Amino acid sequence: MSYLADVGTLAAKDLRLELRSRDTVPAMLLFVVSTLVVFNFALPVGASAEAAYGLLWAALVFTAILGLTRAFAAEREQRVLDGLVLAPSDRSAIWLGKTIAVVVFLALAEAVALPAFALFFEPVSWELVAAVALASVGFAAVGTLLAAMAAASRARELLLPLLFLPLVIPIVVGGVGASIGDDPGRYLGFLALYDLIFAILSWASFEYVVTE
Amino acid sequence: MLAAAAAGLLLVGIALAFYWVPNAPIEGFRQRIFYIHVPIALTAYACFFWAAWKALRLLWTRDQSYDLESYTAVHIGVIFGILTLVTGSIWARTSWNTWWAWEERQLVLFLVLFLFYSAYFMLRFSVDPGPRRASMSAVYALFGVVLIPVSFLAIRLAEGLIHPVVFDEEVNTRLTASQFLTFIVCFAGMLALAASLYVNELTGKRVDERLRELREALS
């Protein structure tokens with residue numbers, strides 16, 4: 001039980017910090033809408049609806065990167081991570097708390113992105129909403145681990161997209177498939193499988209990333 | 001020893017591939033690149049798995065010497081990965097008259113892996129040497145071998161979705177005895193080549209590290 005309490009405290013810490021500083025979420029909202037507007041001009045006139053769905057997924061990936069580069073910014077600037085690692089709790093609780101906070105941030109950005117997409121481009125189906133929800137979990141699970149790696153490096157913001165993009169190509173495949181494929185169930189199942197595998201792997205390996 | 005074995009096996013393999021194996025029924029003469037391309041690809045996988053195995057050992061035992069071994073295996077794996085892309089591209093050019101075919105799953109998978117493992121080097125070069133870098137690199141190398149089957153599944157799923165399947169499944173996937181033997185000789189040769197490169201590179205990297213330690217001790 002104390003594990004879950006630790007996770008809850010850590011997640012609440014990140015959410016409260018964001019509520020007070022408003023550093024990340026407003027930037028993500030503005031970014032995702034700007035990207036959709038850019039894509040409107042990037043698409044040729046008369047492009048198929050399927051192309052628009054593909055671009056929505058590209059916008060979501062880039063928005064996730066934007067949010068994730070800030071994920072450990074406060075910890076790094078205030079040197080909090082050392083303290084968290086020394087705290088008498090399981091290190092994976094840090095990962096889980098941060099992942100929950102990132103999922104909330106992503107959900108807020110998507111709550112703006114999907115209506116904006118429906119307004120500007122194509123209708124949003126329930127399958128698309130389910131795919132976006134599953135994809136957010138995957139982005140947050142993998143992204144939090146990689147953001148912790150990137151935060152320890154000199155390249156920082158530069159490194160995260162390089163680590164993140166090859167790993168989330170399967171999510172994009174699943175997401176686009178669930179949006180335009182004939183059989184969305186298969187792709188949703190694939191997304192769920194991805195989430196399960198990489199969440200367990202990230203949860204188990206986070207300790208090694210933050211400790212010596 | 002390893003280098004000699006690699007040279008011998010590869011020479012015999014290439015000789016077999018060009019002078020002994022009959023032309024393939026549909027692909028004809030150009031199918032012979034199969035004996036170069038596929039062993040290189042499998043060797044790259046072997047390197048990546050070896051890197052992940054060493055990474056797992058490092059995380060398990062905290063023995064820092066595994067770090068260089070895992071790094072060297074990724075290094076050799078990326079070289080073989082690039083060769084896979086190049087030979088695959090040549091094969092695509094001769095078979096389908098295009099240098100790149102998104103329909104060719106294995107080739108797309110190698111592109112994804114190439115990007116993934118290139119980022120491994122970026123990660124290593126931008127973190128200060130030490131136990132933390134070792135365990136971070138190890139975690140990343142482990143993610144790599146999990147990504148291989150997941151990406152393969154994803155590419156299969158994407159295939160029917162984004163591009164119509166133009167090429168039939170290989171019409172004749174069963175190898176004849178002579179083809180199989182040639183393939184095995186070439187594969188053994190490539191593995192021996194990778195192993196000898198690995199041993200050489202590992203020695204070099206260890207010397208480098210030792211030298212750096214000595215320099216730091218002196219200054």
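Two residues are in contact here if their C-beta atoms, placed from the backbone, lie within 7 Å. This is a predicted model, where local features need pLDDT of at least 70 and side-chain atom pairs count only at pLDDT 80 or more, while totals for chains, interfaces and linings use all residues. Residues are numbered from 1 along each chain as its sequence is written, and chains are lettered from A in the order in which they are written.

**Exercise 1. Work out what chain B puts into its interface with chain A.**

Step 1: start with the count. Chain B brings 26 residues into contact with 26 residues of chain A.

Step 2: find the elements behind them. At least two residues each come from α4 (105-125) and α5 (131-162) of chain B; helices are DSSP runs of H or I with at least four residues, strands are runs of E with at least two, and both are numbered from the N terminus. The top contributor is α5(B), with 17 residues.

Step 3: sort by class. This side of chain B has 22 nonpolar, three polar and one charged residues. For the bookkeeping, Ala, Val, Leu, Ile, Met, Phe, Trp, Tyr, Cys and Pro are nonpolar, Asp, Glu, Lys and Arg are charged, and the others, Gly among them, are polar.

**Exercise 2. Describe how α8(A) and α4(B) cross.**

Step 1: get the geometry. The axes of helix α8 (residues 159-180) of chain A and α4(B) come within 9 Å and cross at roughly 155 degrees. Axes are lines fitted to C-alpha atoms, for helices over the stretch in contact, and angles run from 0 to 180 degrees between N-to-C directions.

Step 2: name the arrangement. α8(A) and α4(B) are therefore roughly antiparallel; the cut-offs are under 35 degrees for roughly parallel, over 145 for roughly antiparallel, 65 to 115 for roughly perpendicular, and oblique for the rest.

Step 3: list the partners. From α8(A) come A:L159, A:L162, A:L163, A:P166, A:L167 and A:I169, and they meet B:V112, B:L115, B:F116, B:A119, B:M122 and B:L123 of α4(B). That splits into 12 nonpolar, no polar and no charged.

**Exercise 3. Size up the two chains.**

Step 1: chain A has nine helices and zero strands, and chain B has six helices and zero strands.

Step 2: along the principal axes, the C-alpha atoms of chain A fill roughly 55 × 35 × 30 Å, and the trace of chain B spans about 65 × 45 × 30 Å.

**Exercise 4. Say how confident the predictor is.**

Step 1: the complex gets an ipTM of 0.90 and a pTM of 0.90.

Step 2: chain B has a mean pLDDT (the predictor's confidence in each residue, from 0 to 100) of 86, and 91% of its residues reach 70 or more.

Step 3: pLDDT stays under 50 over residues 163-171 of chain B.
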